[in-house]
Every structure is written in structure tokens, then in C-alpha cells.
Amino acid sequence: MSKPSLKQTLKDLETKKISIRELSQDYLKRIKEKKNLNVFIHFSEENVLKQIDNLEKDNSAKKLKGIPIAIKDLFCTKSMPTTAASKILENFNPTYESYVTQKLLDEGSIFVGKTNLDEFAMGSATNTSFFGNTINPLSKENEPLAPGGSSGGSAAAVAANLCLGATGTDTGGSIRQPASFCGVVGIKPTYGLCSRWGIAAFASSLDQAGIFSHNVEDASILLQSIAGFDQRDSTSAKVDIPNYFENLDHDLNGKTVGIPKEYSIDGTPMEISQIWEDAIKVLEKKGVKIKNISLPHTKYALPTYYIIAPAEASSNLARYDGVKYGFRSDEIDSLDEMYENTRAQGFGREVKRRILIGTYVLSAGYYDAYYLKAQKVRKLIADDFNKAFKECDFIVTPTAPSAAFPLNEKQNDPIKMYLNDVFTVPASLAGLPGISIPFGKDKNNLPLGIQILGKHFDEQQVFNAAASLERSYE
Amino acid sequence: MKIDKNTINKIARLSRIKLDGTESEDYIKDLNSILDWVEQLNEVNTENIEPLSNISSSILPKREDVSKDTNSSDEILKNAPDKLEGFFAVPKVVE
């Protein structure tokens with residue numbers, strides 16, 4: 001079988017080489033075969049068949065008509081429950097549709113199911129989900145590997161070809177890191193490009209929706225579909241969305257790539273340094289000028305992130321109180337008891353840890369020392385990138401400091417787990433677009449990822465560089 | 001040690017999360033190690049640096065000042081764990 005491609009499938013549907021029903025049935029079959037991977041929190045064959053029926057009656061031309069898409073279970077969907085992988089939202093049925101999923105529905109795509117994630121997107125291995133781990137489809141028998149996280153279900157869904165594309169969200173690396181672990185393409189666009197309306201909030205100044213796909217072309221098509229201004233999100237940007245796919249330009253001759261020296265970190269496996277060097281060599285051959293740059297505050301990005309993100313999370317997650325929706329504890333002798341028991345029983349360990357730390361750094365007497373300090377360092381990190389982008393068109397780094405690790409390996413030490421995001425967090429703090437593409441393998445034949453970062457709203461340059469690198473790797 | 005038993009109880013109370021004894025011990029350990037780790041930010045000179053709270057450069061757009069009637073109380077109450085005559089219901093607050 002040839003490599004799955006959304007672009008090619010659209011052609012095949014158009015020329016009637018395959019029907020929408022045949023296509024979906026092929027995907028439904030595989031989804032049922034791969035049930036052991038625990039990719040989906042919600043999957044209903046009936047729901048998929050209903051969507052096919054409706055599309056068959058619909059004669060209008062639609063850009064993604066019949067394309068099977070998987071949705072991270074953090075996006076509110078009217079046709080399927082939405083849990084954020086938390087017990088506290090176990091029985092939540094949204095009465096409205098998120099902006100991103102509405103756009104995908106308008107274009108005629110078929111939602112195959114809601115994918116697993118770390119609870120409220122807090123994690124890097126999809127192992128904090130109330131609904132159990134997702135298994136990386138690239139695992140060998142008896143050696144289950146983590147798919148990365150938090151959007152591990154979506155990355156795994158694409159890797160196992162259970163859909164032709166999937167939505168994800170990225171707060172500190174939650175699209176790029178699992179894309180790297182599962183050997184697929186994952187893009188987090190500029191902060192503000194896609195509306196956050198209808199996405200369960202984690203850290204609002206960082207959360208951004210994005211796309212997983214089988215290749216860069218497909219990502220460029222899907223990102224265009226979900227981007228756009230929305231007045232219900234006050235940080236949504238009013239910018240023109242170019243046709244990324246039509247504008248794809250593989251010719252990088254004369255461009256300058258920035259290579260940040262601070263991303264050479266002690267302890268990074270040789271193989272990862274090697275693929276980074278390989279990518280640079282490939283770019284050089286294409287006529288790209290190599291520029292060594294410095295992002296001096298890189299080492300402070302992780303501690304900054306782990307103050308800001310929990311602080312915002314502690315505030316955002318205050319809404320889960322057992323009153324308006326979701327789970328309510330049975331032990332409710334008083335209103336306070338109800339709140340405290342509901343939240344104690346409804347949230348998992350990592351979520352509680354982050355709420356507690358976030359509450360602490362925002363509490364009276366500590367706000368300036370932690371939260372305000374972190375926001376100031378965040379400014380310095382963003383300024384580093386602004387300066388660097390005066391000298392280069394895009395930046396290339398590894399995506400993650402390791403290949404996929406065994407399930408549960410890093411569970412006990414939170415800081416060790418947080419280090420997974422070392423290469424992805426800085427761009428998140430600066431709100432920059434970043435893509436991860438598969439580029440090379442480690443000694444166990446597991447995929448490794450290269451990350452390309454661009455200027456604000458310069459997704460086109462990111463796609464161009466990614467498409468060009470992808471082509472030479474294939 | 002920044003977080004002791006009293007502090008964790010205070011934060012848990014502020015967060016409205018009930019902790020049992022062994023859980024508290026675990027969180028004291030976790031939070032202290034995280035706070036020790038973020039301490040490194042003190043190495044950075046941030047004098048005269050403006051805090052960055054919003055990365056978006058877009059200006060808040062204005063909308064037209066017209067009222068919209070969205071009577072959606074049924075929808076809003078649809079997921080409520082307990083409701084009564086068009087309201088959310090909670091345990092009795094006033095004796």
C-alpha cells in the first residue's frame with residue numbers, strides 16, 4: 001500500500017476511484033482492529049455511518065468532503081461527549097461546537113472519534129488520562145511505548161492510519177513532541193491563528209490548536225481549514241490566511257536558517273545531535289545560508305513555563321466545581337464539602353499537583369516572586385527570538401530530547417517528565433509557529449523529529465522549509 | 001523547605017481540593033522539588049523588564065453595541081448534576 005495522503009485521497013474521491021463510504025469503511029475496519037492501542041476515548045461506528053449518510057445526500061462541493069478526521073477530546077463537539085480525559089467531565093455532552101471542529105464540519109470532513117490525551121492536556125506521555133494509556137503504534141510486541149503527549153491519541157491515530165488527519169492542542173509541546181514520538185507531522189501555529197473557542201482551557205496565554213497529518217502537504221491543507229478570526233476568542237488574530245498548500249515553495253535557495261547554540265544540551269543522545277547535523281547539511285546543499293544564533297535565555301524557559309502554565313491552569317480549572325456540569329461527589333454535607341470532595345475525587349494526581357503549585361505561586365506574598373518574575377523572564381525569552389529572527393528566516397532544532405520511551409518510565413519524577421518539553425517550550429512562550437517532521441531513526445529504529453520554527457504568522461515559511469526537508473529525507 | 005504541612009493545607013483549602021494525609025506528604029515533596037527547581041529564575045536580571053502577559057499583538061476588536069437575545073437556559077442546565085425549577089441546585093447554604 002502506498003503512504004496514506006489526504007491530498008491523494010481527495011483526488012481519488014473526486015475521480016470516483018473510491019467512494020466516501022468505501023473510504024470510511026476501510027478506516028472503520030482498521031479502527032476496530034487497533035482497539036488495543038486505546039487511541040479513542042469515544043468511538044461510535046453508528047455516529048460515523050450517520051455522517052456518511054448525510055454527506056451522501058449533500059450535493060454541494062466541500063473542500064474536505066468525506067475525509068476521516070480524529071478530534072482530540074479537548075475540543076467541544078455536539079455530536080460526541082467531551083471529557084478532557086478527566087473523570088470530572090466523564091459525562092459531559094457539550095451543547096455547542098468548538099470553532100475548530102465547526103470549521104472542519106463545514107468543510108465536510110467525517111469525525112471518526114475523540115482521541116485520548118493527558119488529563120486536561122497536562123503531561124507528555126498520555127499516561128495521566130482517566131481512560132488509561134494510549135500505546136504508541138510503533139511499539140514492538142510486549143514492549144509498549146508511550147506515544148508522547150498530551151495529544152498522544154491524535155498522533156497515534158495518524159501513525160496507525162486510523163484517520164487522514166487529526167486535531168491537537170499545544171501548550172508547551174503537546175503537538176510537536178507526540179508527532180516526533182509517533183513519526184508523523186505535527187504543527188502548532190502562531191498563538192492566535194486558530195480560535196480557542198470551545199477548547200477546554202489549560203493555560204490560556206499558551207494554548208493553541210493545531211494539526212497532525214501524514215505529510216507536510218496535508219498539514220498545510222488542514223491548517224488552512226481550521227485557521228481564522230473569531231470574535232468569541234479575545235486573543236484571536238485578525239490576519240489573512242494564505243492558501244498554504246497552493247503557495248508551497250520547496251526552493252529555499254538564498255534563505256537563512258538559524259541554528260541556536262543553546263539547543264546543544266549535555267546529555268542529548270548522539271543520534272539526536274546527528275539528525276540535527278544531517279538536517280543542517282541538507283539545507284546547506286539546497287543553498288540555505290547557515291547562521292549560528294544565540295537564544296541566551298533558553299535554559300530558563302522550562303522553569304518559566306512551569307510557573308506560568310500551572311498558574312493559569314489553577315485559575316481556569318476553578319470552573320470545575322460540581323455545580324454547572326460534570327462530576328459531583330456524593331459526599332456533600334455542605335457547599336464547601338461538595339467543592340472539596342468533587343475536586344479531590346474528580347481530578348487526577350498531575351492535575352491536582354499543577355492546581356496546587358499554581359495556587360501557591362499566585363497566592364498573596366508569592367505572586368511577585370514567582371508569577372511576575374516568570375512573566376518578566378518570558379519577555380526576555382520572546383525578545384531573544386525577535387532578535388534572532390532579524391538574522392534568519394527560520395530556525396531548526398531537534399523536537400524532543402529522546403525517541404519514544406517505554407510506557408510509565410518517567411512517571412515518578414515530575415521534573416524529569418517536564419524535561420521532555422525542553423526544545424518545544426521556548427517557542428510556546430514566544431507564541432511562535434513550530435512544526436515537527438519525522439527525520440531519521442534511532443538505533444532501535446524509532447523515529448526522531450526535527451522542529452522548524454518561524455516568525456509570528458509566517459506559517460508559510462515553516463511549511464516551505466518542512467516540505468523541502470521532508471522531500472530530501474524520503 | 002518552602003512548603004510544610006500548614007502551607008499545603010492552606011493551598012489545598014484555597015484550591016478547594018480535599019487532601020488526605022499520605023497525599024499531603026507526596027505533594028509536599030513534589031512541590032518543594034518543583035519550587036527548588038524554578039528558583040534558578042533568580043539568576044536572571046529582570047530589572048526594568050515589562051512582564052509579558054499576552055503574546056498576541058492584536059488589538060481587542062470592538063463589536064457593535066446591539067443586544068442579542070440568547071435564551072439558552074435549558075442548554076446551560078443540560079449538563080447540571082442537580083437542577084431545580086430552572087436553577088442549578090446545591091446543598092443548603094443558609095440555615
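So, aromatic pairs: if you search the whole structure, you find 18 of them over all chains. Keep in mind as we go that this is a predicted model.

Let's start with F40(A) and F43(A). Their ring centres are 6.1 Å apart and the planes sit at 35°, so we call this pair tilted. What about their surroundings? F40(A) is buried, with a relative accessible area of 14%, while F43(A) comes out at 27%, which is partly exposed.

Now look at Y306(A) and Y418(A). Here the ring centres are 3.7 Å apart and the planes are at 5°, so this pair is stacked. And where do these two tyrosines come from? Y306(A) belongs to helix 9, residues 301–316 of chain A, and Y418(A) to helix 13, residues 414–418, so the pair ties together parts that are 112 residues apart in sequence. Y306(A) is buried, at 3% relative accessibility. Y418(A) is buried too, also at 3%.

Rings can also gather in groups. Find F92(A), F120(A), Y320(A), Y325(A) and F347(A) on your screen: ring pairs link them into a cluster.

Okay, next: charges over rings. R30(A) has its charged end over the ring of Y27(A), 4.7 Å from the centre. Then there's K238(A), which lies over the face of F229(A), 4.8 Å from the ring centre.

On to the nonpolar cores. Which members of the largest core touch the most other members? That core has 153 residues, and the answer is F120(A), F385(A), I450(A) and I452(A). Let's zoom in on I452(A). Leaving out residues up to four places away in sequence, its contacts include F394(A), I395(A), V396(A), P433(A) and L469(A). There's also a second, separate core of 19 residues, and among them are I31(A), L37(A), V112(A) and C163(A).

Last stop, helix 7 of chain A, residues 216–226. Is this helix largely enclosed or largely open? Nine of its 11 residues are buried, so the rest of the structure largely encloses it. Among those buried residues are V216(A), I221(A), L222(A) and L223(A), but you'll also spot D218(A), S220(A) and S225(A) in the list.

Now check both ends of helix 7. Just after the helix, you'll run into G228(A), which takes a positive phi of about 140°.

Methods
Residues numbered from 1 in each chain as written. Chains lettered and ligands numbered in written order. Predicted model: local features only at pLDDT ≥ 70, side-chain atom pairs only at ≥ 80, totals over all residues. Heavy atoms only, no water. Buried < 20%, exposed > 50% of the residue type's maximum accessible area, 1.4 Å probe, protein only. Helix = DSSP H or I, 4+ residues; strand = E, 2+ residues; numbered from the N terminus. Phe/Tyr/Trp six-rings, centres within 6.5 Å; stacked < 30°, edge-to-face > 60°. Lys NZ or Arg CZ within 6 Å of the ring centre and 35° of its normal. Core = buried A, V, L, I, M, F, W, Y, C linked by side-chain atoms within 4.5 Å. Contact = heavy atoms within 4.5 Å.
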